[in-house]
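Reader: I have a model on my screen and want to learn how to read it. Can you take me through it feature by feature?

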2 protein chains.
Amino acid sequence: MTKHRILITNDDGIYAPGIYALWEAMCSIGDPIVIAPETEQSAVGHAITISDPLRVVSVQRSGGFKGLAVTGTPSDCVKIAIKSILDKKPAILISGINQGANVGKNIIYSGTVSAATEGTILGIPSIAISLESYRSDDWRGAKKTAVDLACYVLQYGVPKGTLLNVNVPYCDPNEIKGIKITRQGNQYFKDAFDERTDPRGRTYYWMKGKIIDEDESLDFDGKAVAEKYVSVTPIHFNVTNESYIEKLNKQFTDERP
Amino acid sequence: MTKHRILITNDDGIYAPGIYALWEAMCSIGDPIVIAPETEQSAVGHAITISDPLRVVSVQRSGGFKGLAVTGTPSDCVKIAIKSILDKKPAILISGINQGANVGKNIIYSGTVSAATEGTILGIPSIAISLESYRSDDWRGAKKTAVDLACYVLQYGVPKGTLLNVNVPYCDPNEIKGIKITRQGNQYFKDAFDERTDPRGRTYYWMKGKIIDEDESLDFDGKAVAEKYVSVTPIHFNVTNESYIEKLNKQFTDERP
């Protein structure tokens, strides 16, 4: 039996520990191919490269890890993988494993989620997976989750236009309480700017901030992960606010001359 | 009476013709302040700059246009404007006028829309406005539309978390048929990569493609603009696919051991 072709990408770059862990996990269930950014692309959102050329170079890491590094964004990687590099579409795409959760409002900034969104747009069942920690010493829970969810998607598929945004708590795998199907919550990054002076006396600013999460229900992604559940959120990019269409129509036709 | 403070930004950069046209239009109804990217940032999506510092420099153009240029993305501009530069929140934010429509699936790549999204997240009634042309010789229709929509939002507001994505047909203002309240349609950019060889014999790739729009209803953004209506789409970034939650819950609890 031919193994499932699994496209792996990320936003932390092809040399990140998380993509290596994901590659190891996917080797156990399929035939992974890694096509990922050459350098870290965190917080690039759904950026694509249209004004510059892209280059693609081979990368090898220990343990037989081979991949292609692209001088672009996560979305660029997925586009060029599907349109130019692969001879046929992969069975699934998995983006990650990101260091740091991608939940709440912050998912719109996430390169990890954007890669999975791009896969979805191109018709590939896609998963974004993130570990709720910036530490990189224990990928066991995230690897097991990646295998579980990949097997789920290979078996059941996902609806057209929808991807799974998966977040894994950082703890001993035995402490993970289970899977919660969640909604995008309200967690956000309350940001501020440090105003500093460079060695030449000129002002510069550096974004800083802290995470605010006031959600109290396990129905929401951030809260579920904080409570040691794996959070699985089905997301799509139909961004029309349907509930406001009627009111706008009324205001623009009835109430205005 | 104090004039309304109007924050203007864009993704084509502070020297673009579209932001100048927008500034001119807003001078007629309020007190515009321009805080925009120093360089073109098209297709950066919702990228933000977290690993590098930002700088802010004063810019003057003809006719009394003054503004601040930020060495970052459209989202960076909005964040730093609200968090560090302005002493109080503006009455509204307008992002544009973009050269080229932002409709259909492509809005997730749009820096113009992202700036308005960032404004929305920060609690400012926000509008993204784009002209359906890459030409820059006639801004009359877009300027009139910008004034109309800004006045609308100043009068009626927008629901929390929702912004207006406005697209203007490129034609004589008298040929514009009116305003359509629309939904995000299915227009997309069918992309491909040109494989080329550089002067040193190395391969590089350049993204190319063409716009595909199969929508036939004026309910959709791209079609409405093509038919010479101003398209106004209320959008938000609640990306949970609610319709799939129940099925996922069922599959993860009932059908799996």
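This is a predicted model: local features need pLDDT of at least 70, side-chain atom pairs count only at pLDDT 80 or more; totals for chains, interfaces and linings use all residues.

Reader: What does the radius of gyration of chain A say about its 257 residues?

Author: Compare the value with the one for a compact globule. For 257 residues that rule gives a radius of gyration near 18 Å. Chain A has 20 Å, so the two agree. For the outline, take the C-alpha trace of chain A: about 65 × 55 × 40 Å along its principal axes.

Reader: What share of the contacts in chain A joins residues 24 or more positions apart?

Author: Count contacts with a separation of 6 or more. In chain A, 75% of these are between residues 24 or more positions apart.

Reader: Now helix packing. At what angle do α1 and α4 of chain B pack?

Author: Two values describe a helix pair: the angle and the distance between axes. Helix α1(B) covers residues 17–27, and helix α4(B) covers residues 140–156. They pack at about 50 degrees, with their axes 9 Å apart.

Reader: Which residues of α1(B) and α4(B) meet?

Author: From α1(B) come B:Ala21, B:Leu22, B:Glu24, B:Ala25 and B:Met26. From α4(B) come B:Ala142, B:Lys143, B:Ala146, B:Val147 and B:Ala150. By class, this contact has 8 nonpolar, no polar and 2 charged residues.

Reader: On to the interface. How many residues does each chain bring to the contact?

Author: The size of an interface is often given as the accessible area lost when the parts come together. Here we count residues instead. Chain B brings 54 residues, and chain A brings 54 residues.

Reader: Which elements of chain B supply at least two residues each to the side that touches chain A?

Author: Among the helices, look at α2 (74–85), α3 (111–121) and α6 (242–253). The strands are β8 (179–181), β9 (188–197), β10 (203–212) and β11 (230–236). The most comes from α6(B), with 6 residues. By class, this side of chain B has 31 nonpolar, 16 polar and 7 charged residues.

Reader: What should I check in the backbone?

Author: Look for exceptions. Most residues other than glycine have a negative phi, and most peptide bonds are trans.

Reader: Where is there a cis peptide bond in chain A?

Author: Go to the bond joining A:Gly96 and A:Ile97, where omega is about -10 degrees. A:Ile97 sits in strand β5 (residues 92–99) of chain A. In chain B, the bond from B:Gly96 to B:Ile97 is cis, with omega near -10 degrees. B:Ile97 belongs to strand β5 (residues 92–99) of chain B.

Reader: And which residue of chain A has a positive phi although it is not a glycine?

Author: That is A:Lys228, with phi of about 70 degrees. Find it in the loop between α5 (221–226) and β11 (230–236) of chain A. B:Lys228 also has a positive phi of about 70 degrees. B:Lys228 lies in the loop between α5 (221–226) and β11 of chain B.

Definitions and conventions: Residues are numbered from 1 along each chain as its sequence is written. Chains are lettered from A and ligands numbered from 1 in the order in which they are written. The radius of gyration is taken over C-alpha atoms; the globule rule is 2.2 Å times the number of residues to the power 0.38. Two residues are in contact if their C-beta atoms, placed from the backbone, lie within 7 Å. Axes are lines fitted to C-alpha atoms, for helices over the stretch in contact, and angles run from 0 to 180 degrees between N-to-C directions. Helices (H or I, at least four residues) and strands (E, at least two) are DSSP runs, numbered from the N terminus. Ala, Val, Leu, Ile, Met, Phe, Trp, Tyr, Cys and Pro count as nonpolar, Asp, Glu, Lys and Arg as charged, and the others, Gly among them, as polar.
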